[in-house]
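Please open the structure in a viewer and keep the selection tool at hand.

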Amino acid sequence: MFQKKQKINKAFYIGTLIGGIVLTILVIFSILILGTETSSINAYPSYALGQRISIGGFLERIEVIVAIIWVLTIYFKVTLCYYGLSIGLAQVLGLKSYKILLFPLAFLILTFSIFAHPNIVHFNDFTSLTWTPYSLTVCFFLPLLLLIVGKVRQKRSASSVTKQTDKQDSKI
């Protein structure tokens, strides 16, 4: 078990390192080729970068490859999140199998994705105004609160166990 955990940690760190290097190279190329102004204004500078690439006159406009990579990336990301959501919800609801939740969750996710951000303007407004407070609340303060409550409960249960053993020892 320990070997598996070490392999998982190593794979995680290697993947993070490779992803960081790729993102750094992409940002550097985007700034060097498109310029700072165009890179900051453009919503998808990597796509614009793919449009400008021309190698030897025969390898041109590789934005199709960039788009295919995006589609595959989004597919795997959504698949993993969908799988995790279905398993987690099945555990919370105490179900034996997560498979009964797949269709209703797919329907809810599809509906929510259509109505959550009907256009790019709404998405940009949400990102600039709402995302930071929302993510701070859900991704930082709520887990921190749960961690504190868990530690307090752990200390209380440990102290109650020691009190019970002390009472049993005093009776003997």
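How far is the sulfur of cysteine 81 from the closest cysteine sulfur, and in which residue does that closest sulfur lie? The model is a predicted one. Select cysteine 81 together with cysteine 139: their sulfurs are 12 Å apart, and cysteine 139 holds the cysteine sulfur closest to that of cysteine 81. A disulfide requires the two sulfur atoms to lie within 2.5 Å, so this distance is too far for a bond. Cysteine 139 is likewise in no disulfide, and a search of the whole structure finds zero disulfides.

Next, display the surface around these two residues. Cysteine 81 is exposed, with a relative accessible area of 54%. Cysteine 139 is also exposed, at 57% relative accessibility.

Now turn to the aromatic rings, of which the structure holds eight pairs. Select tyrosine 44 and tryptophan 70, whose ring centres are 5.4 Å apart; the planes stand at 55 degrees, so this pair is tilted. Tyrosine 44 is found in the loop between helix H2 (36-41) and helix H3 (45-52), whereas tryptophan 70 belongs to helix H4 (residues 63-93), so the pair ties together parts 26 residues apart in sequence. Tyrosine 44 is partly exposed at 47% relative accessibility, and tryptophan 70 is partly exposed at 32%.

Tyrosine 47 is partly exposed, at 29% relative accessibility.

Finally, show Tyr44, Tyr47 and Trp70 together: ring pairs link these residues into a cluster.

Conventions: Residues are numbered from 1 along each chain as its sequence is written. This is a predicted model: local features need pLDDT of at least 70, side-chain atom pairs count only at pLDDT 80 or more; totals for chains, interfaces and linings use all residues. Side-chain values use heavy atoms; hydrogens and water are left out. Buried means under 20% relative accessible area, exposed over 50%, partly exposed in between (1.4 Å probe, protein chains only). Rings of Phe, Tyr and Trp (its six-membered ring) pair if their centres lie within 6.5 Å; planes under 30 degrees apart count as stacked, over 60 as edge-to-face and the rest as tilted. Helices (H or I, at least four residues) and strands (E, at least two) are DSSP runs, numbered from the N terminus.
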